[in-house]
Each structure stands twice: as structure tokens, then as C-alpha cells.
Amino acid sequence: MFKMLSRKLLGENCGSALKNVFISVFIAYGLYSIGKQIPLSEKVLVLTAVVFSGTLVIQTLGSADNAKLLRGLFAMPCDERRTLAGYTAVTGLYVLTSKVSLLAALFFSFTKMTTYRWVLFLLAFLYAVFGGVAAFGHFRKRPYISVLYVAAGVAAAFLLPDGKAAVIALAAADAVCAGTLFFLKMENFRIDPTAGRIRKVRTTGRPAMLIPRYLGRYLLEHKAYIFSTLFIVGFAVFFALNAERMGLDIACGMGLAAVSINSPVSTMVSANRGLDRKLDALPAKTEKFFIPFGVTLFCFYLVCFGLFLAAFHIAGGKGGIRYIAIAPVFAAEGAFLTSFLENKYPIKTWKTEADITHNPRKYILPIALMIEAALVGFI
Amino acid sequence: MRKLLELDDLKAWYDPKKQVLKGLDLELGEHMVVGLIGLNGAGKTTLMNVLCGLHEGSSCTTKRFEGEDLDFKDKTFKAQRYIVFSEDESFGYFSFDEYVTYVFGCYGKTPDKAYIDGLVGKFGFGEYRGTLIKDLSLGNRRKAYLITGFALKLPLLLLDEPVNGLDFNSTEALYALIAGYKEFGTVMFSSHILESVTLTSDKVLVLENGVIAKTYSGSDITAENIRASLEKEDGVNDV
């Protein structure tokens with residue numbers, strides 16, 4: 001069962017998962033070489049790991065991709081306990097290798113991670129997996145239980161004792177949480193994102209607005225993409241503020257570049273093979289799709305950069321004035337490059353969603369903007 | 001009848017050592033209905049994809065459209081043909097009306113609203129016009145793409161397994177539309193359903209082992225003839 005489920009989320013022989021871990025290790029050592037350390041309490045470490053991992057677990061369990069995977073599974077005479085155990089393990093490994101490994105890379109790079117802290121991080125992650133699976137499983141019939149799991153996760157971080165007691169408390173919480181999974185059945189995880197949701201839309205006669213409307217609906221449908229955008233902006237502000245306090249003049253520009261790492265938007269065409277194929281089959285794909293797509297992305301990046309600069313200044317950042325003038329230029333470059341890459345070099349060889357998220361192509365834009373930010377900093 | 005499309009020695013492959021299309025010759029006239037039939041894996045979808053410039057591994061000694069040399073990926077050729085894929089999940093966040101507006105814009109055409117309304121009525125699609133394509137059932141999604149294809153009235157319309165997922169009434173409507181498309185251009189469609197080709201086609205091409213093994217036209221287009229041809233090829237008959 002594990003093997004069957006893992007093929008979809010982790011790739012053949014866990015190939016995608018291993019590739020993602022390798023990329024995270026590469027990023028970790030790249031960032032570590034900057035040599036900047038930020039003090040971080042154990043409570044913040046655990047809270048970040050629980051909230052970040054738990055959100056991703058719930059997002060993965062509720063995705064349309066999973067709905068397709070499970071539809072076939074429900075038709076098979078599977079053993080309930082083994083299937084649920086396999087499903088939990090695969091979901092946990094997917095979240096760990098595809099997304100949480102990047103968080104681990106950031107912790108490794110910018111804060112002192114002792115063995116004790118790594119153990120706490122791992123236990124917090126396990127709590128997020130067991131708690132996230134349990135919260136998701138209970139949500140439809142007993143949402144109050146789901147709320148309890150979330151509250152318990154946050155409380156565990158805030159009430160975390162010091163020293164070995166923290167490890168024992170978290171390990172106990174993990175064991176209890178894992179034990180409660182026995183009260184769930186695979187049926188609790190059945191989802192059908194489109195069932196009963198026939199939405200009518202108002203059509204206006206303005207063809208110029210078709211692509212912006214399409215992108216808007218895409219983002220509203222995948223609300224997690226909006227949250228991940230806000231998360232990236234928040235992280236960029238945190239990163240830039242700390243870098244500025246440590247005397248890095250180009251911190252604000254680096255933060256702007258970090259904001260441009262937004263894979264859901266920059267890979268919208270690659271992520272939908274049907275759309276990519278249809279665009280190839282239709283005439284005038286550049287004029288009718290990728291130019292309006294680029295214009296829409298320009299507005300999107302402009303809003304993200306605006307949010308970043310506003311938050312950066314509110315939080316006490318100082319070196320960002322010149323970047324207010326540069327933000328539209330970065331937005332235009334980001335829009336052009338993203339649209340160009342999606343048009344001419346769409347990612348075609350992906351098997352799992354994480355293959356797109358971690359495709360090297362997505363780092364071209366942030367690296368290009370990072371170099372420009374450095375050049376601007378020297379002017 | 002003037003020639004619309006001529007292909008000589010068309011080869012296509014996913015792995016260069018294993019060709020799917022093995023030197024296929026194809027000739028389509030203007031204003032005709034051509035049915036393409038073959039067993040699973042015969043290369044029907046690959047042929048459609050090659051014609052749409054979507055298949056990378058291919059070669060062809062002669063490629064002509066309306067007497068002129070053609071490039072499958074060229075914008076001029078693309079503007080002369082439209083394809084309805086057998087499986088399609090594109091533009092899910094458009095409604096049907098938005099999709100039509102967008103596609104007509106790509107072809108530089110203005111939608112003929114009255115004609116489109118007529119097609120919508122024939123397929124019983126009226127109540128779904130404002131629904132997002134991603135929220136439609138398989139059959140209704142297929143109707144959205146088919147109506148768009150017929151409404152464009154292009155010289156070449158390609159339909160890959162168009163009957164799949166359609167209800168009885170819509171299938172009848174589809175047969176009538178395919179047969180009537182000669183007024184505007186040529187339609188080539190692939191199918192597993194013998195009835196769909198025998199009821200509509202002027203010419204039936206039987207695709208076997210990557211080549212056109214048999215061509216039927218006129219009174220030779222009968223279920224018995226085609227079935228016999230397919231049974232001879234393989235012990236398995238999925239028609």
C-alpha cells in the first residue's frame with residue numbers, strides 16, 4: 001500500500017523525494033555560506049515547524065490530486081489500518097521532502113541548530129503530521145475535535161518546558177496524537193473537490209480581461225497559493241530586516257528578489273499539461289495568452305513588492321527608499337521572464353507537484369533579481 | 001475534388017528505435033468527411049498530434065496544405081485547423097462563453113452568435129454556458145470544445161474520439177454536424193465506434209501498424225468490411 005501511494009506523491013522509487021532533499025541540502029549549504037546567524041528561541045522553532053508542516057499536511061490531504069488518487073483506492077478492498085498508516089506515512093514524507101526540508105534548510109543556515117534543536121524540530125514535525133491527519137479526518141463530522149488538535153499544537157509550542165522535559169512532552173504528544181488515528185477510517189479522508197460545486201460566472205464582453213480573470217479565478221480556487229505568497233512576503237521581510245541589521249546594504253533588494261520565488265503563479269501553465277498542449281495547438285499563443293499573462297503577472301508582482309516594501313518600512317527597515325522606484329522595474333522583469341519561460345520552456349517532465357515546485361527553472365528569476373539588487377546596492 | 005492536405009512518408013516516434021507511424025501517406029480532399037479507425041495503439045492520436053504540431057519526434061518527406069508547403073507548427077497552418085482532443089482539461093477557469101470568445105480571438109474571427117446558439121441547442125448545452133469548464137462533467141466539457149470547433153468553420157477540423165462521453169442525443173447531433181461540416185471544410189475524426197464512421201464518412205482510413213492499411217469510400221464503407229479488416233489485423237476486436 002505504501003509503495004502504491006508513494007509512487008504518486010514521492011515519485012518512482014521515491015526519486016522525486018530524493019531529488020527534493022538534495023536540492024534542500026544544496027540550498028542549505030549555499031545559504032549557510034553567507035555566515036549570518038539569527039537568535040531563535042525553541043518555542044518559535046517548534047511553533048514554526050508545527051504551523052508550517054501542519055498547514056501543508058492539511059493542504060496535501062485536501063488537494064484535487066489526492067482526490068483523484070483516493071477515488072481509485074476507495075474502490076479497492078484495502079485493509080483500513082494498513083492503508084491509513086501508509087497514507088499518513090506517505091503524506092508525511094511528501095510534506096517533509098518537498099516543503100519542510102526547505103524550512104529545515106533555512107533553520108540550518110540562519111540559526112544555531114544543535115542536536116537537541118533538531119530533535120525538537122523533528123518531534124514538532126511529527127506532531128504536525130499526526131495532528132494534521134487527525135484534524136483533517138475529523139473535520140467533516142466533528143470539526144470541534146479538529147479545532148482541539150490545532151489548539152493543542154499551538155499550546156504545545158507556547159507551553160514548551162525547557163531541556164529534556166521538552167523532548168519528553170513533545171514525544172508524548174506525538175504518541176497520543178498517533179494513537180488517536182486508530183479512531184479514524186479511510187472513509188474520513190474521502191474528498192471530492194468538484195462534487196456539487198457547479199459555479200456560474202458572469203461573462204463580460206471584454207476579451208482583454210479574459211486572462212486576468214482566468215488567473216484571478218485560479219488563485220482564488222487555490223487559496224493556499226495566496227497564503228504561500230503572503231508567507232513568502234513575510235519571510236522576505238524577516239530575512240531582509242535581519243540582513244539589514246547585520247549591515248548588509250542590499251538587504252531590501254534581496255528581499256524583493258526573494259518575493260519573486262513564487263512557483264504556483266510562475267508555473268501555472270506548466271502545472272496544467274492540458275492548457276500547455278491547447279496553447280501549443282492554438283494560433284497566436286504569444287499575443288493572445290502570454291502577453292496578457294505577462295501584464296497580469298506585472299500587476300501581481302507589483303502588489304507583492306508593494307506589500308513587501310510597506311511591511312519592511314513598518315517593521316523599521318531603512319534602506320528601502322530607492323527600491324520603491326526599482327520595484328516596478330523588477331515587477332516588469334519578473335513578469336516578462338516568467339511569461340517568456342512558461343511560453344518557450346514550460347516544465348514538461350514533472351511527475352509530482354513537488355517536481356514543479358523544485359524545478360531549477362524557478363530560481364532563474366530570483367537569482368537574476370538578486371544580482372540586479374546587488375548592483376543597485378553598489379550605486 | 002481539390003487536395004486539402006497531402007503527407008508522404010510520415011514517420012513518428014516516441015523512441016527513435018520504435019516508430020509509431022511508419023511511413024504513412026495521407027491525402028485529404030476539400031469539403032469531405034474522413035473517418036480514421038484502428039485498434040488501440042495503432043497511432044490515431046499520434047497522427048492527430050503530429051498534424052497539430054504537438055509531437056516532437058516526426059519526419060515527413062512531403063507536407064502540403066492547399067498546394068503549399070506547410071509547417072505543422074506554423075501560425076498560418078494553425079489558423080486553418082482546430083482540434084478537439086480525446087482528453088482535455090484546458091482553460092478550466094473559463095466558462096464556455098469566455099472560452100469561445102478567447103478561441104475566436106486567437107483565430108482572428110468574430111463569433112457568429114446565432115450559429116453558436118443553434119449548436120448549443122443541438123447539444124442541449126444551454127444551461128451550462130456560464131459554468132466554469134472545470135466544473136462540467138466529462139460529456140459537457142466535450143460538448144464545449146466540440147461546439148467551439150464546429151462554430152469556427154475552419155478548412156480542417158480534427159476530432160480525436162469525439163463520441164466518448166456524449167449522451168445518446170448529443171451523439172446523434174454530433175453525427176449530423178460531422179456529416180454537414182462539408183459545407184465549411186473537411187473534418188477528420190478518429191473513432192472506436194464503427195457506427196460513427198459508417199454513418200458520416202465519405203472516406204474511411206484503417207490505421208494498422210503505423211500505416212494506412214486500407215481505405216474505404218462510397219458504398220464500400222460498411223460495418224462488415226471494416227470489421228473484417230480489423231479482425232484480420234489482430235485477433236482482438238475492440239470495435
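Which way is the crossing of H1(A) and H5(A) handed, left or right? The crossing is right-handed, going by the rule that left-handed means the near helix is turned anticlockwise from the far one by less than a right angle, and right-handed means clockwise.

Before going on, keep in mind that this is a predicted model, where local features need pLDDT of at least 70, side-chain atom pairs count only at pLDDT 80 or more, and totals for chains, interfaces and linings use all residues. Residues are numbered from 1 along each chain as its sequence is written, while chains are lettered from A and ligands numbered from 1 in the order in which they are written.

**Two helices in chain A**

H1(A) covers residues 2-9 and H5(A) covers residues 80-110.

On the H1(A) side you'll find A:Phe2, A:Leu5, A:Ser6 and A:Leu9, which meet A:Gly86, A:Tyr87, A:Ala89, A:Val90 and A:Tyr94 of H5(A). Contact here means C-beta atoms, placed from the backbone, within 7 Å. These contact residues split into seven nonpolar, two polar and no charged. (Ala, Val, Leu, Ile, Met, Phe, Trp, Tyr, Cys and Pro count as nonpolar, Asp, Glu, Lys and Arg as charged, and the others, Gly among them, as polar.)

**Where the chains meet**

Chain B puts 26 residues in contact with 22 of chain A. H3(B) gives the largest share of chain B's side, seven residues. By class, that side has 12 nonpolar, seven polar and seven charged residues.

**The sheet in chain B**

Six strands make an open, mixed sheet in the order S7-S8-S9-S3-S10-S11; strands pair if DSSP finds at least two bridges between them. S7(B) and S11(B) stand at the edges with a single partner strand each, so one side of each has no neighbour in the sheet. S3(B) and S10(B) run parallel, joined by five bridges, and B:Gly38 has B:Leu207 in S10(B) as its bridge partner.

| Helix | Residues | Angle to strand |
|---|---|---|
| H1(B) | 44-51 | about 145° to S8(B) |
| H5(B) | 138-152 | about 165° to S7(B) |

Terms used
Axes fitted to C-alpha atoms, helices over the stretch in contact; angles between N-to-C directions. Helix = DSSP H or I, 4+ residues; strand = E, 2+ residues; numbered from the N terminus. Contact = placed C-beta atoms within 7 Å.
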